[in-house]
Amino acid sequence: MDASGTLAASLTDRLLLRGYTVHAATVRPGEMKRLSGDENNKRLKVFAWDPFDFDSIVDALSGCSGLFYSLEHQRPSYDVYLLSWASKQELAAEEEVRAAHNVLEACARTETMERVVFTSSITAVVWSENRKSTADIDERRWSNPTFCRKFKLWHALAKTVSEKAAWALAMDRGVDMVSINAGLLMGPDQSLSSPYLKGAAEMYEDGTLVAVDLKYLVDAHVCVFESPSAYGRYLCFNHVISSPEDALGLARVLSPDTPSPPSSCSEDLRLSKQRIQNKKLNKLMMEISTGEIL
């Protein structure tokens with residue numbers, strides 16, 4: 001779903017290379033030409049879909065054995081002009097919940113559906129009042145929606161409540177679902193204004209500021225889809241920002257045209273101890289690469 005996004009477009013290319021027939025659904029009709037640019041590829045079928053139009057979702061899923069769900073671009077379905085900023089963000093989170101509910105319900109009604117890979121975020125894991133009380137943070141932890149609202153962590157709120165809604169419906173309707181909780185996706189589309197980075201200073205201090213390369217993220221999605229032993233949630237990242245040098249390097253990647261800050265700025269940052277773990281995903285990907293899982 002939402003194949004016009006950076007992750008989904010790359011995932012579409014990878015699945016085609018692996019021999020799959022791909023139904024690429026996009027909420028942005030202007031991107032359809034780019035997605036269907038290879039007219040000789042008969043295994044790529046492009047659909048226009050709306051996360052609030054149930055029939056369009058069902059049409060796109062018809063005959064599919066798997067779904068990779070990500071919602072990278074959002075179109076509000078309400079009049080936002082008279083709303084406060086906080087109200088807009090609350091409604092945006094509610095819309096992500098509605099979209100996730102619609103997609104999972106459509107999957108439950110698709111007889112050929114075997115597995116759903118739901119793309120979520122590390123921000124749905126790391127934010128809570130007692131986040132510093134445990135030594136390590138892994139896929140068993142959830143962000144607290146009340147905490148997110150209190151500190152205006154809107155991206156975290158939306159990802160937390162939408163993922164929880166998806167899990168609730170998947171378990172209720174018997175849908176085989178796994179989730180990828182991704183770190184900050186590195187790439188040309190990201191910047192220092194990314195909503196993921198709201199609270200970045202606190203994440204750095206907590207040892208939970210992490211990022212992921214696009215190729216690694218695509219690898220992880222394919223891995224959890226194809227592995228019969230994959231289950232539950234998987235934290236996905238391959239960069240940990242835990243030193244002043246890491247932080248400055250991240251800033252340069254996200255804002256390459258901005259002059260580098262003076263070296264004295266890095267002296268104000270302390271080393272942070274990594275407290276977030278992705279051992280579960282690393283183990284699964286290692287088993288795949290070594291042939292332990294066929």
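The sulfur of C64 lies 8.8 Å from the closest cysteine sulfur, that of C107, which is too far for a bond. A disulfide here is a pair of cysteine sulfur atoms within 2.5 Å, and the whole structure holds 0 of them. This is a predicted model, in which local features need pLDDT of at least 70, side-chain atom pairs count only at pLDDT 80 or more, and totals for chains, interfaces and linings use all residues. Residues are numbered from 1 along each chain as its sequence is written, and side-chain values use heavy atoms, with hydrogens and water left out.

**Cysteines**

- C64 is buried, at a relative accessible area of 12%. Buried means under 20% relative accessible area, exposed over 50%, and partly exposed in between, with a 1.4 Å probe and protein chains only.
- C223 is in no disulfide either. The nearest cysteine sulfur to C223 belongs to C236, 9.7 Å away.
- C223 is buried too, with a relative accessible area of 7%.

- Helices (H or I, at least four residues) and strands (E, at least two) are DSSP runs, numbered from the N terminus.
- The expected span of a helix is 1.5 Å times one less than its number of residues.
- Helix α1 covers residues 6-17, and its 12 residues should span 16 Å. The end C-alpha atoms of α1 are 17 Å apart, in agreement with that value.
- The buried residues of α1 include L7, A8, A9 and L11. T12, L15 and L16 of α1 are buried as well.
- G19 follows α1 and has a positive phi, near 95°.
- Helix α6 (residues 154-173) has 20 residues. From first C-alpha to last, α6 reaches 28 Å, close to the 28 Å expected.
- Helix α6 is mostly covered, with 15 of its 20 residues buried.

**Second largest pocket**

- The second largest pocket holds about 430 Å³ of space. Grid points are joined across faces, edges and corners, and a volume is the space filled by probe spheres set on the points.
- On a 1 Å grid over the protein atoms alone, a pocket is an open set of points with protein on both sides within 12 Å along at least five of seven lines, whereas a cavity is a set where a 1.4 Å probe fits but cannot get out. Lining residues have an atom within 4 Å of a point.
- The lining of this pocket has 27 residues. L15, V22, H23, G66 and F68 lie nearest the centre.
- Five elements each supply at least two lining residues: α1, β1 (22-26), α3 (54-61), β3 (66-69) and α8 (214-226). Helix α1 gives the most, with 5 residues.
- The lining divides into 17 nonpolar residues, 10 polar and no charged. Ala, Val, Leu, Ile, Met, Phe, Trp, Tyr, Cys and Pro count as nonpolar, Asp, Glu, Lys and Arg as charged, and the others, Gly among them, as polar.

**Aromatic pairs**

- Rings of Phe, Tyr and Trp (its six-membered ring) pair if their centres lie within 6.5 Å; planes under 30 degrees apart count as stacked, over 60 as edge-to-face and the rest as tilted.
- The count comes to 5 aromatic pairs.
- F68 and F225 form a tilted pair, with 5.1 Å centre to centre and 50° between the planes.
- This pair links distant parts of the chain. F68 sits in strand β3 and F225 in helix α8, 157 residues apart.
- Both F68 and F225 are buried.
- Ring pairs join Y20, F68 and F225 into a cluster.

**Loop residues and a helix residue**

- Most residues other than glycine have a negative phi.
- K152 has a positive phi, near 60°, and is not a glycine. K152 lies in the loop between α5 (145-150) and α6 and is partly exposed, at 46% relative accessibility.
- L269 lies in the loop between α10 (263-267) and α11 (279-289) and is partly exposed, at 33%.
- D138 lies in the loop between β4 (115-121) and α5 and is buried, at 14% relative accessibility.
- E95 belongs to helix α4 (residues 85-108) and is buried, with a relative accessible area of 4%. The C-alpha atoms of E95 and A158 are separated by 8.6 Å, although the two are 63 residues apart along the chain.
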